[in-house]
Amino acid sequence: MFSSLTEYNSFATRAITPENPTGTKGKAAMTASELGPSRKGKASITLPVNEEITIADINGSGEIKHMWFTIRDHTEQGSFIMRNTILRIYWDNETVPAVNCPLGDFFCNGFGERYDVNSAPIVVAPTGGMNSYFEMPFKKHARITITNLFRQDIRSFFYTIHYELHDQVDEAHKLYFHAYWNRERQTQIQQDYTLLPEISDHGYYVGTFIALTALERYWWGEGEFKFYLDGDHKYPTITSTGMEDYFGGAWAFHKYNEDGTTYPATFCTPYLGFPYHSNVDHSREHFSTGKPNSPHAFGNDGLPQNALYRWHLVDPISFDDNIHVTLQQIGNDDVGLFERSDDLSSVAYWYGANPNGITNSLPAKENLRPR
């Protein structure tokens with residue numbers, strides 16, 4: 001990671017912020033405020049409803065090195081802002097985004113919830129500082145947009161995008177970063193869930209984020225991940241022994257209370273984690289419509305929600321011609337295995353030679369809404 005710092009290579013370092021939206025050299029921190037000239041005059045922007053707002057438009061060749069965002073997670077018009085705000089990234093003037101994902105889910109904050117994540121490429125720090133350290137090369141152009149699909153304008157969206165400008169020859173053989181979000185509100189019995197539809201390309205699969213809302217009783221994590229590589233059809237080349245095993249845990253992540261009952265132990269490590277588990281609806285905490293009835297008039301019981309991530313940064317899954325990734329939905333009721341159906345959403349992360357993403361649109365607003 002740090003070996004590149006011991007041998008000097010010349011490149012230009014830039015940053016895009018609301019105060020310097022073009023990243024121009026010597027043009028940061030110019031905006032005035034009530035404190036005077038060049039005193040934090042514009043730290044954030046407003047995201048209008050149903051508009052795709054470009055927050056970075058970079059000409060030339062280079063790499064995005066770090067992105068930092070923070071946003072309100074609820075307003076008087078409701079919660080789920082992070083599920084209804086869409087991050088898109090376009091490479092080299094293509095029209096199909098390589099990244100097309102709800103903002104929260106891209107940063108492993110599923111269900112429209114906010115919680116801390118401490119991993120190598122994705123960090124969500126207190127309170128809601130969303131950081132990406134994925135390297136994202138581009139050869140000619142990069143454009144990053146945010147689309148607000150929430151009920152109202154979103155005030156106070158903060159961002160900083162650090163990037164480097166390189167000679168084009170330095171980027172000529174580099175792969176493009178991609179992230180694809182999918183969801184099934186209710187998976188089909190005995191039909192594997194699709195994390196990544198079959199794509200024809202070469203590159204490396206580098207990460208998985210899962211946000212699973214359990215719709216049935218008992219343990220939900222016996223299904224196997226399946227990686228179909230380079231012409232695999234009936235059977236995959238790579239699989240896991242179960243969901244918690246793929247995410248680095250074992251035995252359903254269980255720890256024991258003093259009375260012998262179990263509870264799931266959440267954890268974060270650089271390359272894999274189970275950062276969030278809850279069966280409490282937090283969406284109405286610190287929330288008011290201004291109406292006389294209590295926000296908790298109907299209680300705060302929630303369906304069990306489970307968020308997990310796995311980064312293949314030191315063990316990337318290589319593909320030469322094509323790749324297709326799926327997940328089984330299998331449970332365990334302590335008597336035996338059973339086929340089950342849950343609400344499952346996911347983000348697949350990979351690097352490929354094609355600058356385009358997957359040609360499809362995100363679901364309707366109604367299907368973005370968490371359970």
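Okay, quick ground rules. What you see is a predicted model, where local features need pLDDT of at least 70 and side-chain atom pairs count only at pLDDT 80 or more, while totals for chains, interfaces and linings use all residues. Residues are numbered from 1 along each chain as its sequence is written, and side-chain values use heavy atoms, with hydrogens and water left out.

Let's start with the overall picture. The protein has four helices and 29 strands. The radius of gyration is 21 Å, close to the 21 Å that the globule rule gives for 371 residues, so the protein is as compact as a globular protein of that length. For the record, that radius is taken over C-alpha atoms, and the globule rule is 2.2 Å times the number of residues to the power 0.38. Helices are DSSP runs of H or I with at least four residues, strands are runs of E with at least two, and both are numbered from the N terminus.

How much of the protein is buried? Buried residues make up 50% of the 371. Buried here means under 20% relative accessible area, exposed means over 50%, and partly exposed is in between, with a 1.4 Å probe and protein chains only. The areas themselves come from the Shrake-Rupley method with a 1.4 Å probe, and for residues only the protein chains shown count as cover.

Now, salt bridges. Side chains of opposite charge can pair when their charged atoms come close. The cut-off is a side-chain nitrogen of Lys or Arg within 4 Å of a carboxyl oxygen of Asp or Glu. By that criterion, the structure holds 11 of them.

Are the two partners buried or exposed? Arg83 is buried at 2% relative accessible area, and Asp105 is buried too, at 0%.

Another pair is Asp342 with Arg340, where the closest N and O atoms are 2.7 Å apart. Both Asp342 and Arg340 are buried.

Then there's a network: Glu63, Lys65, Glu135, Glu171 and Lys174 are linked by salt bridges. Within that, the side chains of Glu171 and Lys174 meet at 3.7 Å, N to O. Glu171 is buried at 0% relative accessible area, whereas Lys174 is partly exposed at 33%.

On to the surface. Which residues gather in a patch of positive charge there? Those are Arg151, Arg185, Arg284 and Arg369. Patch members have over 30% relative accessible area and no salt bridge; like charges are joined within 9 Å, and nonpolar side chains (Val, Leu, Ile, Met, Phe, Trp, Tyr) within 5 Å. For the charges, Lys and Arg count as positive and Asp and Glu as negative, with His and the chain ends not counted. Each charge is placed at NZ of Lys, CZ of Arg, CG of Asp or CD of Glu. Of the four, take Arg185: it lies in the loop between strands E15 (176-184) and E16 (193-200), and at 30% relative accessibility it counts as partly exposed.

There's a nonpolar patch as well, made of Tyr271, Leu313 and Val314, with about 270 Å² of accessible area together. Leu313 is in the loop between strands E24 (301-311) and E25 (317-319), and it's partly exposed at 35% relative accessibility.

Last topic, the backbone. The peptide bond from Pro126 to Thr127 is cis, with omega near -10°. Thr127 lies in the loop between strands E10 (122-125) and E11 (129-132).

Asp92 is buried, with a relative accessible area of 7%. Another is Ser156, with phi of about 65°. Ser156 is in strand E14 (residues 154-166) and is partly exposed at 32%.
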